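The following exercises concern a predicted model. Each task is followed by a solution in steps.

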Amino acid sequence: MTTLITTASISIKNLTKDFGAVKAVNDISLEVETGTLVCLLGPSGCGKTTTLRMVAGFEEPTSGEIYIGNEEITDVPPYSRPTALVFQSYALFPHMSVYDNIAYGLRARRVPKNEVVNQVQEFIKLMELEGHEKKSPSQLSGGQQQRVALARALVIRPKVLLFDEPLSNLDALLRVRMRSEIRRIQQHLGITSMYVTHDQEEAFSIGDRVALMNKGKLVQMGSPRELYREPADRFVAEFVGLSNIVPGEVLESNGNGAEVKVLGLTLHCSRPRRGNNRQVAVVLRPEALSLGKAGDQGLPARVLTLAFTGPVARYTVSITDDIVLTVDIANPGPDQFFEQGSEVTLHLPKEIPSVLE
Amino acid sequence: MARILSYRQELSDSQKRRFLFIALLIAELAILIFIATRLIQVNTVVDRVEVIGNQEFTYYKNVLIGDPPLLILIIIGLILPLASRRIRHEPVLLVTVQVIIVSLIVFVFWPLAKVFIEAFKSEYLAQGFSLIQFQKLLTKPSVWKAFTNTMILGITTSVLATVIGTLIAYTLTLTNLPGKKLLRNLTILPLLSPPFAVSFAFIMLFGRRGLITWDIFHITGWNIYGPQGIILVQLISDTPLVILILSSVFASISRNLEEAAEDLGGTPFYVLRTVTFPLVTPAILTAGLLTFISSISDFGNPMLVGGGFQMLATQAYIQMIEMFDLQMGAALAMLLVIPAFIAFVIQNWISNRKSYITVTSGAVTGYIRQQPTWIKAILYSITTFMAFMTVLLYGSIFVGAAVNAWGFDYTLTARNVTGLLTAIPQIKNSLIVSVGSGIVGGIIGIVIAWLVSRKNFPGKSVIDFSATVMLAIPGTVVGIGYIVAFNAAPYFWTGTFFIIIIAYAFRRLPVGLRTSVAAQKQIDPTLEEASLDLGASRLRTFTKITFPLLNRAFFAGVIYIFIRSMTDLSAAVFLNAGSTQLYTVRMFRVMVTGTPSEGAAFAGLLIIIILVALAILSKLTGKSFIDLFRIS
């Protein structure tokens with residue numbers, strides 16, 4: 001059985017939302033290409049949910065436009081928009097059965113009765129909810145409720161699917177399972193989606209592209225790889241994964257890359273630079289660093305703390321009194337354990353993906 | 001088989017929406033023109049006749065009947081919501097907001113404004129601005145005295161009721177007094193009945209021929225009629241309100257806060273002064289101001305036990321109904337509404353700031369405090385005395401109804417109960433009015449609650465305020481306001497069921513509104529959003545999602561308004577007419593002119609009707625008897 005959905009892109013143009021004097025969303029423009037999933041990522045209060053709610057039609061933009069496909073929908077009431085939202089709390093109607101919940105949108109559209117039955121059955125099957133039709137939402141587990149919410153959103157054949165932190169009510173294990181399920185269904189249907197989350201790992205694992213927001217502004221948009229390897233600024237570098245940010249000095253720069261002096265060592269940046277300051281900042285990801293025993297070739301350092309989480313041993317080491325770096329050693333072997341306070345050698349990577357201007 | 005389906009109405013029907021919007025505007029314009037022709041009527045009357053020679057010239061002039069200012073206000077009310085882009089795009093929302101704004105203008109703002117307008121007129125139908133009513137007030141010491149009397153009495157009652165009520169609330173929530181539950185129910189009981197039933201029972205017990213003062217103790221020099229009597233009966237009928245407000249606040253104080261203070265080195269008294277007391281102060285002030293409003297608005301009690309003691313509410317009634325001086329009545333009503341309104345604004349301001357008291361989820365609350373024995377003894381005796389008084393007063397009503405002539409002849413008889421049969425028309429009238437106002441008020445309440453708690457639109461705070469302001473308006477003022485606004489052409493509404501129902505519905509709107517807002521807050525707003533998002537219209541969302549989840553609150557609001565309307569006297573005396581005479585009005589006449597036992601039978605029946613309504617309400621909401629009153 002294949003279910004096809006007509007889908008369309010989302011374009012947001014210069015969108016602004018003021019709450020009194022506060023600019024919750026400040027002049028955001030972004031595009032979600034047809035069939036892709038874009039994650040809106042950012043700390044709480046960054047405006048990502050407000051942006052999503054403006055696309056769904058629950059907040060009235062102060063200025064700017066929203067398009068779905070070629071249609072402008074900025075002033076269209078939520079019930080006439082071709083969007084379907086999966087809510088953080090699922091928002092399943094407590095006074096209706098699972099079946100009635102899923103059928104709700106179809107009935108609101110006055111779809112013929114037998115057609116409603118067919119459509120609902122199809123999505124109950126797709127979401128593996130057989131046998132739960134008569135139950136009330138409160139009798140279901142969190143994961144099942146999530147699937148009902150998804151079925152209810154999909155059954156109306158929206159052009160665009162919106163997710164508002166849909167997994168935050170689930171426990172850690174289920175969260176990982178559900179996100180791959182959401183991703184699978186989204187790709188299976190090829191439906192354009194916008195997904196709000198504050199969890200960087202979730203955003204990276206599910207999104208074709210990630211739009212990172214801060215204080216109402218869109219800071220950087222790109223593939224997870226781009227955001228991680230080439231952060232636009234310090235905020236991105238720090239929000240996307242753990243990072244050590246150290247000062248660097250550009251020694252030489254040309255179209256092929258640059259030579260940067262970092263902590264006394266010269267590293268190569270293979271990407272052409274965007275600015276031309278001599279003094280820059282360099283992001284050293286913890287997993288790009290490694291440790292060896294004292295006296296090796298590298299930077300002498302002292303172990304401050306060690307936390308062993310299982311797959312990773314996380315060290316903080318100091319080079320001087322004010323430069324403290326985090327080092328992650330994946331799958332640490334017996335010779336990679338160092339006692340607190342012991343002297344070690346810190347190895348920097350020879351290549352760095354980018355520098356912060 | 002691949003299927004391509006999209007049930008979304010394609011966006012091309014934005015034209016359809018535009019068409020609908022224009023059709024709606026045309027329909028509204030037609031309705032507006034109709035209203036305008038009703039509101040503004042021009043009568044041609046003979047101005048003067050001049051005789052020049054043998055020719056007689058008759059001059060005519062056009063006289064305007066009606067309310068052009070009201071029409072202008074209605075037009076403003078219709079246009080205002082159009083300012084919002086979003087509302088313009090949603091016809092259902094647009095019409096709802098317009099209807100609410102216009103009805104608040106017509107039935108809340110306009111009658112109150114008319115009281116002020118009328119108070120500054122020199123006589124009926126006079127034009128222009130005049131201070132003559134207030135000059136008359138100042139020259140008539142008896143009337144002016146009514147103002148100072150009302151204020152002094154209001155302050156005395158509210159201070160006493162607040163102190164006693166706070167102590168009782170503390171006893172009932174934070175001590176381990178035996179029989180707390182029963183005592184709680186008993187002390188709240190006076191909220192049930194019309195306030196003047198308390199003063200009537202009071203007279204039966206403590207009057208000149210009272211059971212206790214005459215039959216038991218044979219006291220002769222005692223006089224209950226006068227300010228002392230009013231204060232005593234108001235204490236009994238107003239203290240329950242204080243107990244309710246303070247009980248819920250005492251119960252919600254987190255024990256953790258006090259423990260933290262003690263842990264940081266505070267002695268018990270220091271903690272009481274620096275933590276416990278500041279936490280309850282806003283509630284105490286709120287309760288004090290509400291009892292002040294209740295006391296100065298009281299009409300029935302001063303009429304019964306005032307014994308010639310002048311009060312504003314009673315004076316306004318006498319000027320208006322007995323002296324037919326509409327303007328003087330309005331002037332007195334104005335003097336009454338200003339302090340009540342000020343108290344309301346302060347109360348509103350305080351209770352909007354006290355948000356810290358509610359942040360107690362998960363905390364230990366209702367912890368039993370240890371007190372020294374002598375404090376316990378005082379608290380216990382005040383509380384049990386109050387409960388005992390309630391039992392005595394209500395007992396005397398039911399016993400009184402069963403005896404021949406209370407105060408003279410205590411032989412049992414069914415005469416008084418069968419005498420109620422003559423009141424069947426009034427019972428019917430009261431039921432029609434109370435059920436009607438319950439339903440109207442409930443519906444308006446639920447819609448306004450939905451608007452103010454979910455929607456954002458220009459003028460929202462004004463709607464919220466005007467819907468709750470009636471809480472501060474004494475029944476007397478409502479009655480006078482509706483008379484001066486709607487008595488004459490082109491309305492002639494006074495004495496009709498319609499106007500009584502509307503008056504009660506809007507008067508008790510704050511109660512319906514609060515129950516609905518409270519229930520609304522319990523519902524996750526995303527449920528409605530989910531419905532809209534799935535393509536259900538505003539109307540469908542309201543009928544399929546909002547209302548089913550709110551219906552208990554809705555019926556609770558309906559029954560509250562029903563009870564309040566059944567027991568109202570102060571607005572009823574102005575608004576009812578012969579054919580629409582209400583039960584409380586008849587009951588009041590019987591209490592004044594009949595034997596105490598006849599009056600007791602009337603009061604007893606009303607209490608039973610209310611108890612039945614409450615039982616239904618309790619069943620509907622699944623709440624206990626006390627919790628039902630929490631919101632009122």
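**Exercise 1: the surroundings of A:Leu161**

Task. Determine which residues A:Leu161 is in contact with, leaving aside its neighbours within four places in sequence.

Solution. 
Step 1. Once those neighbours are set aside, A:Leu161 is in contact with A:Ala84, A:Leu150, A:Ala153, A:Leu154, A:Ile191, A:Thr192, A:Ser193 and A:Met194.
Step 2. Take A:Thr192 from this list. A:Leu161 and A:Thr192 lie 31 residues apart in sequence, while their C-alpha atoms are 6.3 Å apart in space.
Step 3. To place the residue in the secondary structure, note that A:Leu161 belongs to strand E8 of chain A, which spans residues 160–164.

**Exercise 2: accessibility**

Task. Decide whether A:Leu161 counts as buried or exposed.

Solution. 
Step 1. The relative accessibility of A:Leu161 is 2%.
Step 2. The cut-off for a buried residue is under 20% relative accessible area.
Step 3. A:Leu161 therefore counts as buried, its relative accessibility being 2%.

**Exercise 3: chain A as a whole**

Task. Describe the secondary structure, extent and contacts of chain A.

Solution. 
Step 1. Chain A contains 8 helices and 22 strands.
Step 2. Along the principal axes, its C-alpha atoms fill a box of roughly 80 × 45 × 40 Å.
Step 3. Of the 357 residues in chain A, 55% are buried.
Step 4. Among contacts in chain A with a separation of 6 or more, 65% come from residues 24 or more positions apart.

**Exercise 4: the interface of chain B and chain A**

Task. State how many residues of each chain are in contact, and characterise the interface by area and by polar interactions.

Solution. 
Step 1. The contact involves 35 residues of chain B and 48 residues of chain A.
Step 2. Between them, the two chains bury about 3,900 Å², of which 54% is on carbon and sulfur atoms.
Step 3. The rule finds 1 salt bridge across this interface. The side chains of B:Glu529 and A:Arg53 form a salt bridge with an N to O distance of 2.6 Å.
Step 4. Across the interface of chain B and chain A, 8 residue pairs are in polar contact, both residues at pLDDT 80 or more.
Step 5. On the side of chain B that touches chain A, the elements giving two or more residues are strand E1 (4–5), helix H3 (85–88), helix H23 (525–533) and helix H24 (538–567) of chain B.
Step 6. The residues on this side of chain B divide into 14 nonpolar, 8 polar and 13 charged.

Methods
Residues numbered from 1 in each chain as written. Chains lettered and ligands numbered in written order. Predicted model: local features only at pLDDT ≥ 70, side-chain atom pairs only at ≥ 80, totals over all residues. Heavy atoms only, no water. Contact = heavy atoms within 4.5 Å. Buried area = accessible area lost by both parts, 1.4 Å probe. Salt bridge = Lys/Arg side-chain N within 4 Å of Asp/Glu carboxyl O. Polar contact = N/O pair within 3.5 Å; in protein donor to acceptor, adjacent residues only side chain to side chain. Helix = DSSP H or I, 4+ residues; strand = E, 2+ residues; numbered from the N terminus. Nonpolar A, V, L, I, M, F, W, Y, C, P; charged D, E, K, R; others polar. Buried < 20%, exposed > 50% of the residue type's maximum accessible area, 1.4 Å probe, protein only.
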